[in-house]
Amino acid sequence: MRDPRPTDQPPSEGLVTPPVTPPAAAPTGIDGFRLLPDHLDAAAQRAVLAAVESIVEAAPYDRFVMPGSGRSFSIDMTNAGALGWVADRSSYRYSPTHLRTGRPWPPIPPILLDLWRTLTGYPADPECCLVNLYRGTGAKLGLHRDEDEEVFDAPILNLSLGDTAVFRLGGRRRTDPTRGFLVKSGTAMVFGGESRVFYHGVDRIIPGSGTVVPGGGRINLTLRRVTKPA
Ligand SMILES: O=C(O)CCC(=O)C(=O)O
């Protein structure tokens, strides 16, 4: 499936920014969606952070630009895994190498593979662990859905460290109603079943609300299966 987004409208910025309603109760009853606050206790958060630091050492953060407009994202990104999600003036896509260093992405650390296996139950490992760093009041990720993958039967696993995010979850269509809710450090979210293709984004973070990330901010990990398992 190809990315149907207009080329000047990135997955993370400049898209429909719904009115910021007060964060509501966490959503329940959505097919395949699981919200697991406190899934990672303090020790597990520190261990995941160490894994992220090892990724960033091998594959430094980039500030991608959006196809078409060339506007910058407001968050930094890097990847682990055989395929990293990247964006530049030409497209959103998966790449086996870091756009700037040209090196392969580091492998997905074992602690993250364990979390994927336990929480998704999918019979193959993820190929991409996208690392997003949100820092400051302008950091956000516009409403989008993950659709650059070749397979959609694998859930997406989302892990949060650091500052609380005001997360936004919609439905299958961009125009479906959305709801905002808070996602704090240690939360795991699984987007399986129907929710795999639901629109979602991050309206903003609440700077200073978390203590886990050195220098402040929020780190989000998104683990995805990209290709059909052999
Ligand atoms: O930061 C988040 O929780 C959402 C990340 C996301 O939706 C993405 O990277 O596609």
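**Figure 1. Contacts across the whole predicted model.** Among contacts between residues at least 6 apart in sequence, 78% join residues at least 24 apart. The model is predicted. The protein holds 2 helices and 12 strands. From the N terminus on, these elements run β-α-β-β-β-α-β-β-β-β-β-β-β-β. Of the 230 residues, 45% count as buried.

**Figure 2. The open sheet of 6 strands.** The strand order is E1-E10-E7-E12-E5-E2, and the pairing is antiparallel. Strand E1 (33–36) and strand E2 (76–80) are the edge strands. Each of these two pairs on one side only. From one strand to the next, the twist averages 15°.

**Figure 3. Strands E5 and E12 side by side.** Strand E5 covers residues 128–134, and strand E12 covers residues 218–224. Their pairing is antiparallel and runs over 7 bridges. Cys128 stands opposite Arg224 in E12.

**Figure 4. Two helices against the sheet.** Helix H1 (residues 42–58) packs on the sheet. H1 touches E2, E5, strand E7 (156–162) and E12. The direction of H1 makes about 100° with that of E7. Helix H2 (residues 110–120) packs on the sheet too. H2 touches E5, E7, strand E10 (188–191) and E12. The direction of H2 makes about 125° with that of E7.

Figure 5. H1 has 17 residues. From its first C-alpha to its last it reaches 25 Å, close to the 24 Å expected at 1.5 Å a residue. Gln45, Val48, Ala51, Val52 and Ile55 are buried in H1. Seen down the helix axis, the buried residues of H1 fall within an arc of 120°, so they line one face of the helix. An α-helix has 3.6 residues a turn, so residues three or four places apart point the same way. The cover over the buried residues of H1 includes strands E2, E5, E7 and E12, along with helix H2. On the other side of H1, Ala42, Ala43, Ala50, Glu53 and Glu57 are exposed.

Figure 6. The buried residues of H2 are Leu112, Leu115, Trp116, Leu119 and Thr120. They fall within an arc of 100° seen down the axis of H2, so they line one face of the helix. What covers them includes helix H1 and strands E5, E7, E10 and E12. Pro110, Asp114 and Thr118 are exposed on the other side of H2. Just after H2 comes Gly121, which takes a positive phi of about 65°.

**Figure 7. The hairpin of E3 and E4.** Strand E3 covers residues 84–87, and strand E4 covers residues 92–95. A hairpin of 4 residues joins E3 to E4. The two strands pair in the antiparallel sense over 4 bridges. Gly84 stands opposite Ser95 in E4. In a regular strand, side chains alternate between the two faces of the sheet. From E3, Gly84 and Val86 point one way. Trp85 and Ala87 point the other way. All four of these E3 residues, Gly84, Trp85, Val86 and Ala87, are buried.

Conventions. Residues are numbered from 1 along each chain as its sequence is written. This is a predicted model: local features need pLDDT of at least 70, side-chain atom pairs count only at pLDDT 80 or more; totals for chains, interfaces and linings use all residues. Two strands pair if DSSP finds at least two bridges between them. Axes are lines fitted to C-alpha atoms, for helices over the stretch in contact, and angles run from 0 to 180 degrees between N-to-C directions. Two residues are in contact if their C-beta atoms, placed from the backbone, lie within 7 Å. The expected span of a helix is 1.5 Å times one less than its number of residues. A residue is buried if 20 or more other C-beta atoms lie within 10 Å of its own, exposed if 12 or fewer, and partly exposed in between; C-beta atoms are placed from the backbone. The arc is that of the directions from the helix axis to the C-beta atoms.
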